[in-house]
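Let's take a walk through this structure together. Keep the 3D view open and follow along as we go.

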Amino acid sequence: MHIEVRGLNKSFGDFNAVKDVSFDIEKGKLIGLLGPSGGGKTSILRMLAGLETPTSGDIVFHGQRVNDLPPQERGIGFVFQNYALFKHMTVYDNVAFGLKVKKLSKEKIRERVMYLIELTGLKGFEHRYPHQLSGGQRQRVAFARALAPEPQLLLLDEPFAAIDAKIRTELRTWLKEMIERVGITSIFVTHDQEEAIEVADEIMIISKGRLEQKGSPWDIYKNPETPFVASFIGESTIVEDISILKGFESLSDQPGTKALIRPEYIEHGKPGEIKLASAATTATVRQLHFRGSEWMVELAIGDTKLITYRSLEREVLQVGGQVQVLVHRAYMFNDDDSWIMENPLKVDPMPIHI
Amino acid sequence: MRRLWIILTYVIFTLLLIVPLVKIFTGAWEEGIDGFWDALSRPQSIHALMMTGIIVVLVTIINTLFGVMLALYLVRAQWLGPRLKRLLNSIVDLPFAVSPVIGGLMIVLILGPSTVIGALFADMGVNIVYALPGMILATLFVTFPIMVREVMPVLQEIGAQQEEAASTLGAYSWYTFWKVTWPSIRWGVIYGVVLTVARSMGEFGAVLVVSGNIMNKTQTATTLVYQDVENFNVVAANGIALVLAAVSVGLLLLMEWSKKRREVH
């Protein structure tokens with residue numbers, strides 16, 4: 001189902017939970033709504049479902065404005081954060097609920113329910129009650145129940161939040177596969193960037209009720225459009241005065257401009273290890289943290305702190321030792337503007353032609 | 001010292017609860033089965049027990065219906081502001097706080113024969129005060145909070161999500177209520193019904209004020225006991241009291257059972 005949202009607003013009293021959000025979703029896409037808790041993601045999802053009424057704005061499914069349609073008539077499936085399974089019904093009855101409402105024949109209901117139970121790997125659990133299931137199984141039931149009436153759009157509110165970290169990854173992959181197999185347009189809400197990057201075709205970053213950026217995970221990582229997105233996705237350190245770094249001296253005449261540097265933008269090594277020595281700055285190793293598969297290195301250049309990682313294969317650094325640092329690029333921002341700046345010294349000043 | 005306290009507790013428990021029960025029982029049988037039977041088969045006894053029965057049935061039906069509905073609206077309705085909800089929520093408890101006699105008095109003051117509304121109804125041939133409708137109203141007033149207070153916490157605990165899930169699956173409110181909400185609240189409702197029956201059966205003050213206690217007309221079992229005691233007809237009073245006590249004990253057992261079921265679900 002093609003979804004269009006235009007100028008969506010929602011306020012609860014004085015609090016504006018959603019502010020002027022507009023977007024389009026193509027049919028068949030799996031979209032992740034990502035942002036910090038309390039940013040308005042769930043409100044957007046609930047408005048799409050019809051569980052909440054927008055203060056203003058339009059929601060259009062398939063070219064038809066659905067603002068005034070109740071949830072019963074929107075053709076959506078909703079998976080709640082805590083699954084909201086009917087606790088006095090068996091797995092079978094839970095999945096069959098939406099079909100019984102439609103007054104389908106007993107055989108048809110049985111056929112569809114058994115198909116979904118098999119699809120979600122719940123065979124043999126049909127007669128269990130929700131309290132007799134594990135978290136992962138409950139989520140599967142919620143998923144099967146939402147899919148049973150063949151909705152056009154599947155909405156999932158923090159689908160993995162209530163599950164052990166260990167099974168979560170497994171369930172993520174499962175859900176992605178399942179959604180691809182069914183071919184249903186889906187939107188899920190999460191506050192976990194790793195989850196969004198791994199599962200979604202496209203991510204929408206929501207913060208303080210605004211849509212900050214929409215795009216593929218790679219796009220968002222590569223070209224963050226706002227300082228919030230840049231700092232929210234991936235790891236980063238904010239540097240107040242970047243002009244102390246070689247290559248970025250020109251920025252000293254722009255007070256108020258800050259730089260955001262990701263660990264992977266920083267190359268470091270013992271003196272001599274970095275080829276473009278002219279673009280490297282000397283830094284002191286402040287601290288070393290062992291992170292299981294690599295070292296996290298805290299570097300200091302004057303008062304400025306930088307964070308980067310060092311492979312375990314390379315020679316171990318000493319705290320207090322000197323290293324050379326080359327910053328490949330930085331994400332610059334001030335009150336009016338933001339841009340990505342490549343280190344200009346990276347281009348070899350005297351290329352040698354043979 | 002500790003033993004003394006334990007003994008004292010049991011003595012008080014016995015004096016307050018066991019002794020009166022035994023006394024009612026023996027008092028009713030003081031003149032043998034005939035005395036008990038005569039007390040019960042007096043026309044005013046039969047009439048009073050019937051009045052109590054009618055009041056209990058009607059009050060329980062009305063209270064269950066509107067109590068459950070009010071609980072639903074107080075917990076779920078989004079069109080009520082939170083402040084208004086809180087206000088309504090505290091007003092619901094009013095009958096618990098106000099003396100039943102005052103409740104009865106309010107009904108007399110609003111609907112009595114000398115008031116505008118009372119006169120209006122009297123012209124239509126319906127007497128409210130000093131007649132059955134007033135007694136039902138008075139009992140309703142006294143028992144109204146019971147059902148609301150039993151159902152509201154259950155509704156709050158189960159939350160709205162199951163109902164929302166039902167709505168996204170295409171179910172409308174009536175279907176959702178019976179298939180999703182009702183199975184969760186039914187033991188609470190049954191518990192409320194038992195309490196309402198017990199309370200409306202035993203109501204005295206409000207009914208006495210509203211009914212005028214006219215023998216064979218507006219007399220209930222409790223007001224008859226009161227009158228028998230006033231007339232030193234202790235055996236008859238004990239007989240009726242025994243019937244009321246026996247029903248109460250039965251209700252108590254039912255209550256224990258429903259409480260247990262409620263905890264299971």
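Look at what lines the largest pocket: 22 of the lining residues are nonpolar, 10 are polar and six are charged. Keep in mind that you're looking at a predicted model. The space inside this pocket comes to about 1300 Å³. A total of 38 residues line it, and the ones closest to its centre are Leu72(B), Arg76(B), Ala77(B), Glu163(B) and Ser173(B).

Which elements give two or more residues to that lining? Chain A supplies strand 1 (3–12), while chain B supplies helix 3 (43–76), helix 9 (161–168) and helix 10 (173–202).

Where they touch, domain 1 of chain A puts in nine residues and domain 2 of chain A puts in eight.

For domain 1 and domain 2 of chain A, the buried area is about 670 Å², with 54% of it on carbon and sulfur atoms. On the domain 1 side of chain A, the residues losing the most area to domain 2 are Tyr221(A), Pro227(A) and Ala230(A), which together make up 66% of what that side buries.

And how many salt bridges cross the interface of domain 1 and domain 2 of chain A? The rule finds zero.

Definitions and conventions:
Residues numbered from 1 in each chain as written. Chains lettered and ligands numbered in written order. Predicted model: local features only at pLDDT ≥ 70, side-chain atom pairs only at ≥ 80, totals over all residues. Heavy atoms only, no water. 1 Å grid on protein atoms, 1.4 Å probe; cavity = no way out; pocket = protein on both sides within 12 Å on 5 of 7 lines; lining within 4 Å. Points joined across faces, edges and corners; volume = space filled by probe spheres on them. Helix = DSSP H or I, 4+ residues; strand = E, 2+ residues; numbered from the N terminus. Nonpolar A, V, L, I, M, F, W, Y, C, P; charged D, E, K, R; others polar. Contact = heavy atoms within 4.5 Å. Buried area = accessible area lost by both parts, 1.4 Å probe. Salt bridge = Lys/Arg side-chain N within 4 Å of Asp/Glu carboxyl O.
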